[in-house]
Amino acid sequence: FLIEVMGRDCGYLALMAAIAGGAEYVVLPEVETDPEKIAESLAAAYEKGKSHAIIVVAEGAKYNATKLDAFFTEHRERLGFDLRVTIIGHVQRGGVPSAVDRILASRLGAAAVEQMVKGNYGVLVGEIKGEIAVTPLEKVVNNHKTLDSDYLDLAKILD
């Protein structure tokens, strides 16, 4: 199964989904990926006795779901298996909020209103280390979060 999730420039969501879902492979915009390596990984999983495999792909990866599907279709006879592709896209935002989600939303909403009352516009209200924080939008837009290499290593160990 190949599942494409949000992540135009950042593979964080794909990486977390891959770890949480037990994916055999994750494809990220930040990491160069060779479709042949994915095929090798899937074949190795099959030889270990796995009857199915999961690949999680960030939409912005060089080899997104559409390109990987085309590659695997073109090389089906040589590779020996098909992919079932699901492009989740922004539908993944539609989950049911937990109690923690609702509390965070209330805290952030109250903090946002507080910033507006103060006349402080052009900021992002968020949570950093459990505390409400205000960050100028310029800093948010220009700051690309890098992936934590520990999570990349974990994903490789768990495949």
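Predicted model: local features only at pLDDT ≥ 70, side-chain atom pairs only at ≥ 80, totals over all residues.
**Note on helix packing and selected loop residues**

1. H2 passes H3 in a right-handed crossing. The contact of H2 with H3 comprises, by class, seven nonpolar residues, no polar residues and one charged residue. The axes of H2 and of helix H3, which spans residues 65–74, come within 11 Å and cross at roughly 70°. The two helices, H2 and H3, are therefore roughly perpendicular to each other, since angles of 65 to 115 degrees are placed in that category.

2. The residues that form this meeting can be located in the structure. On the H2 side they are Pro-35, Glu-36, Ile-38, Ala-39 and Leu-42, and on the H3 side they are Leu-68, Phe-71 and Phe-72.

3. Helix H1 (residues 12–21) packs with helix H7 (residues 149–158) at an angle of about 35°, and their axes are 10 Å apart. H1 passes H7 in a left-handed crossing. From H1, Leu-15, Met-16 and Ile-19 take part, and they meet Tyr-151, Leu-152, Leu-154, Ala-155 and Leu-158 of H7. By class, the contact of H1 with H7 has eight nonpolar residues, with no polar and no charged ones.

4. Thr-33 is placed in the loop between strand S2 (25–27) and helix H2 (35–47). Is Thr-33 buried or exposed? Its relative accessibility is 10%, so Thr-33 counts as buried, because the class of buried residues covers values under 20%. A polar atom of the Thr-33 side chain lies 3.2 Å from the backbone oxygen of Val-31. When residues up to four places away in sequence are not counted, Thr-33 touches Tyr-25, Val-27, Leu-28, Ile-38 and Tyr-63.

5. Gly-7 sits in the loop between strand S1 (2–5) and H1. With a relative accessible area of 10%, Gly-7 is buried. Which residues does Gly-7 contact, leaving aside its neighbours within four places in sequence? The contacts of Gly-7 are Pro-29, Ala-58, Glu-59 and Gly-60. Separately, Gly-7 and His-90 are 83 residues apart along the chain, while their C-alpha atoms are separated by 9.9 Å.

6. Lys-62 belongs to the loop between strand S3 (55–58) and H3. Its relative accessibility is 53%, so Lys-62 counts as exposed, the cut-off for that class being over 50%. Neighbours within four places in sequence aside, Lys-62 is in contact with Glu-32 and Lys-67. Lys-62 and Glu-30 are 32 residues apart in sequence, and the distance between them from C-alpha to C-alpha is 9.4 Å.

7. The last point concerns Lys-129, in the loop between strand S5 (123–128) and strand S6 (131–136). What is the phi of Lys-129? The angle is positive, about 55°, although Lys-129 is not a glycine. Lys-129 is exposed, with a relative accessible area of 83%.

How values were computed. Residues numbered from 1 in each chain as written. Heavy atoms only, no water. Helix = DSSP H or I, 4+ residues; strand = E, 2+ residues; numbered from the N terminus. Buried < 20%, exposed > 50% of the residue type's maximum accessible area, 1.4 Å probe, protein only. Polar contact = N/O pair within 3.5 Å; in protein donor to acceptor, adjacent residues only side chain to side chain. Contact = heavy atoms within 4.5 Å. Axes fitted to C-alpha atoms, helices over the stretch in contact; angles between N-to-C directions. Parallel < 35°, antiparallel > 145°, perpendicular 65-115°, else oblique. Left-handed = near helix turned anticlockwise from the far one by under 90°. Nonpolar A, V, L, I, M, F, W, Y, C, P; charged D, E, K, R; others polar.
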